[in-house]
Amino acid sequence: QVQLVESGGGSVQPGGSLRLSCAASGSFYRINDMGWYRQAPGKQRELVATITSSGSTNYADSVKGRFTISRDNAKNTVYLQMNSLKPEDTAVYYCNVEFNRYGYAAPLSSWGQGTQVTVSS
């Protein structure tokens with residue numbers, strides 16, 4: 001089992017910045033892709049950004065140029081720096097980690113508990 005602890009959410013005015021963190025711990029021998037997703041009220045969960053173990057990144061068009069995903073492999077932590085925040089970025093943000101665990105042939109996936117981000121004046 002892998003536990004993901006998220007932090008860094010909160011309330012901010014439009015144009016402001018927040019940095020989310022997600023630390024993974026537990027039973028695994030390798031972490032593969034790490035990512036952030038978000039879910040606004042009444043909407044489906046959507047991809048925000050992902051990063052591979054080698055550092056390749058992928059972003060939703062809506063956040064390109066404003067958000068930056070990064071990771072610290074030594075700390076098993078993924079970050080999401082969010083700049084120029086807009087009201088439409090308001091959502092619960094979830095981190096997701098794909099990992100390999102002994103005894104399992106295929107990679108497994110785990111989700112964080114979610115952290116609220118509210119952008120409002």
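Where is the place of Arg-101? The views below take up this and other points in a predicted model.

**View 1. Arg-101 lies in a loop between two strands.** The loop runs between β9 (91-100) and β10 (108-111). Arg-101 is partly exposed, with a relative accessible area of 24%.

**View 2. Arg-101 touches residues from other parts of the sequence.** Leaving out residues up to four places away, its contacts are Gln-1, Ser-27, Phe-28, Tyr-29 and Leu-108. With Ser-27 there is a polar contact, side chain to side chain, at 3.4 Å. Asn-58 is 43 residues from Arg-101 along the chain, and their C-alpha atoms are 25 Å apart.

**View 3. The largest nonpolar core holds 30 residues.** Trp-36, Leu-80, Met-82 and Tyr-93 have the most contacts inside this core. Several strands supply at least two residues each, including β1 (2-7), β4 (30-39) and β8 (77-82). β9 gives the most, with 5 residues. In soluble globular proteins, nonpolar side chains tend to be buried together.

**View 4. Met-82 is in contact with residues from several stretches of the chain.** Neighbours within four places are set aside here. Among its partners are Leu-18, Leu-20, Phe-67, Tyr-93 and Val-117.

**View 5. The whole chain has 11 strands and 0 helices.** Its radius of gyration is 14 Å, close to the 14 Å of the globule rule for 121 residues, so the chain is as compact as a globular protein of that length. Of its 121 residues, 41% count as buried.

Terms used
Residues numbered from 1 in each chain as written. Predicted model: local features only at pLDDT ≥ 70, side-chain atom pairs only at ≥ 80, totals over all residues. Heavy atoms only, no water. Helix = DSSP H or I, 4+ residues; strand = E, 2+ residues; numbered from the N terminus. Buried < 20%, exposed > 50% of the residue type's maximum accessible area, 1.4 Å probe, protein only. Contact = heavy atoms within 4.5 Å. Polar contact = N/O pair within 3.5 Å; in protein donor to acceptor, adjacent residues only side chain to side chain. Core = buried A, V, L, I, M, F, W, Y, C linked by side-chain atoms within 4.5 Å. Rg over C-alpha atoms; globule rule 2.2 N^0.38 Å.
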